[in-house]
Amino acid sequence: MQYIKEHYTDTLEVKQSKFIAHLTPYAEYEKLLAKLKEEHPKARHFVTAFRYLNEYGQIVESSSDDGEPKGTSGKPSLMVLQGKNLINTAVIVVRYFGGTKLGTGGLVRAYSDAVNLVIEKAELFEYKECEEKKISFSYADVRMVEYECEAEDILIKEKSFEDKALFTIEAPKEQMESFLKKLERVVHIH
């Protein structure tokens with residue numbers, strides 16, 4: 001699975017109709033949609049599609065044709081996201097009508113092409129499911145543990161110092177296993 005970290009946009013023109021595709025992280029989707037509706041008051045349609053992972057690790061997806069003939073815009077846009085295996089990602093296509101009807105096949109092609117065009121521009125990152133662990137260790141090992149966290153790209157989410165040093169760390173499973181194996185004599189997992 002892949003995801004994006006920032007907003008991308010590109011425009012496709014088909015028979016004087018403009019399809020302005022916006023690819024955005026899902027977390028920014030609602031705000032961006034409201035902003036685009038404000039910025040493009042004369043646009044005919046705001047077609048949307050999104051896919052994200054919920055708290056149970058399930059993919060939730062949806063699309064909207066926003067007044068285009070049923071199944072000609074939202075669904076094809078969603079199918080492009082599925083085909084590229086994108087998650088936690090949304091696409092909004094702002095359409096300005098150019099005066100020539102494209103027909104259902106033409107609409108499907110235009111929306112799919114617009115979404116593909118903007119995805120080609122985007123930097124895609126591989127999604128890795130992260131896990132969180134609480135570890136404790138002696139004060140003498142704090143510098144070494146911090147160094148290893150940085151070397152292994154382990155995120156330190158929280159630090160506390162009581163009778164021992166306590167860290168809450170997060171990383172993809174393989175990195176976490178490698179890190180814990182390397183420091184098995186030093187750290188205790190809670």
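Modeller: Helices (H or I, at least four residues) and strands (E, at least two) are DSSP runs here, numbered from the N terminus. We're looking at a predicted model, where local features need pLDDT of at least 70, side-chain atom pairs count only at pLDDT 80 or more, and totals for chains, interfaces and linings use all residues. Numbering starts from 1 along each chain as its sequence is written, and side-chain values use heavy atoms, leaving out hydrogens and water.

Take a salt bridge as a side-chain nitrogen of Lys or Arg within 4 Å of a carboxyl oxygen of Asp or Glu, and you get eight of them. Start with Lys35 and Glu39, whose side chains meet at 3.7 Å, N to O. Both belong to helix α1 (residues 29-39), four residues apart, or about one turn. An α-helix has 3.6 residues a turn, so residues three or four places apart point the same way. For burial, buried is under 20% relative accessible area, exposed is over 50%, and partly exposed is in between (1.4 Å probe, protein chains only). Lys35, at 46%, is partly exposed, and so is Glu39, at 47%.

Now for Arg95 and Glu68, which meet at 2.8 Å, N to O. This pair links distant parts of the chain, 27 residues apart: Arg95 is in strand β6, Glu68 in the loop between β5 and α2. Arg95 has a relative accessible area of 3%, so it counts as buried, and Glu68 is buried too, at 8%.

Then there's Glu132 with Lys157, at 2.7 Å, N to O. Glu132 sits in β8 (residues 130-137) and Lys157 in β9 (residues 155-161), so the pair ties together parts that are 25 residues apart in sequence. Glu132 is partly exposed at 44%, as is Lys157, also at 44%. Salt bridges with shared partners join this pair and Glu170 into one network.

Back to β6, the strand that holds Arg95. Counting two strands as paired if DSSP finds at least two bridges between them, β6 belongs to an open sheet of five strands, ordered β2-β3-β6-β4-β5 with antiparallel pairing. Its edge strands, β2 (8-14) and β5 (59-64), each pair on one side only. With contact meaning heavy atoms within 4.5 Å, what covers the buried residues of helix α3 includes β6, along with β2, β3, β4 and α2 (74-83). Among those buried α3 residues are Leu107, Tyr111 and Val118.
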